[in-house]
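Colleague: I am new to this structure and would like a short tour. Could we look at the interior before we turn to the charged side chains?

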Amino acid sequence: MPKRDRKNKTEIVILGKTTSFTGFLKFATTLRVQGSFRGTIEATGDLIVDKDAVVDADHIMVSSLTVFGSISGTVHAQDKVDMMSGAIVHGDVSAARLRIADGVLFEGKCKMTNVEKDVEIFHRPAEEIKADLQRSNVRI
């Protein structure tokens, strides 16, 4: 039976600690994996991988992903990916937002999606930035 997240009033489906599932997962709410999963995930909902949980997928497509446990496979999140301390992630990740905490093992490439093409803060000369700040009366 799905639980409800009191804060967001959404249903959370849980694959328990003793659950081992192989196949194709598709869901629109939040799925919390506490056991193990092997296969493909294509969902419009959020995925949470608990500590000690193992997800081995050829690809994972979700709205957002929060990892405390272990994930192996290509990940695409429409919104964000949060890798919490102790998480292990093997595979390429694409998301609009990415947070990697201290103590995470991440092996793969990262691609940021939905980023403005005109913003290039790392390729702008420092003198140009200082001049703009001075024109804006910002103390540097």
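**Core and salt bridges**

Modeller: Please note that this is a predicted model. Leaving aside neighbours within four places in sequence, Val-55 is in contact with Val-33, Phe-37, Ile-41, Val-49, Ile-60, Ser-70, Ile-71 and Ser-72.

Colleague: How many residues does the largest nonpolar core have?

Modeller: The largest nonpolar core has 27 residues. Those with the most contacts inside it are Ile-41, Leu-47, Val-55, Ile-60, Val-62 and Leu-65. At least two residues of this core come from each of strands E4 (30–33), E5 (36–42), E6 (46–49), E7 (54–67), E8 (70–83) and E10 (93–95).

Colleague: And which strand gives the most to this core?

Modeller: That is E7, with six residues.

Colleague: Now the charges. How many salt bridges are there?

Modeller: The count comes to five. One of them joins Asp-56 and Arg-38, with the closest N and O atoms 3.1 Å apart. This pair links distant parts of the chain, as Asp-56 lies in strand E7 and Arg-38 in strand E5, 18 residues apart.

Colleague: Why does Arg-38 count as exposed?

Modeller: Because its relative accessibility is 51%, and exposed means over 50%. Asp-56, at 28%, counts as partly exposed.

Colleague: Is Asp-82 buried or exposed?

Modeller: Asp-82 counts as buried, at 6% relative accessibility. Lys-80, at 26%, is partly exposed, as is Arg-99, at 48%.

Notes: Residues numbered from 1 in each chain as written. Predicted model: local features only at pLDDT ≥ 70, side-chain atom pairs only at ≥ 80, totals over all residues. Heavy atoms only, no water. Core = buried A, V, L, I, M, F, W, Y, C linked by side-chain atoms within 4.5 Å. Buried < 20%, exposed > 50% of the residue type's maximum accessible area, 1.4 Å probe, protein only. Helix = DSSP H or I, 4+ residues; strand = E, 2+ residues; numbered from the N terminus. Contact = heavy atoms within 4.5 Å. Salt bridge = Lys/Arg side-chain N within 4 Å of Asp/Glu carboxyl O.
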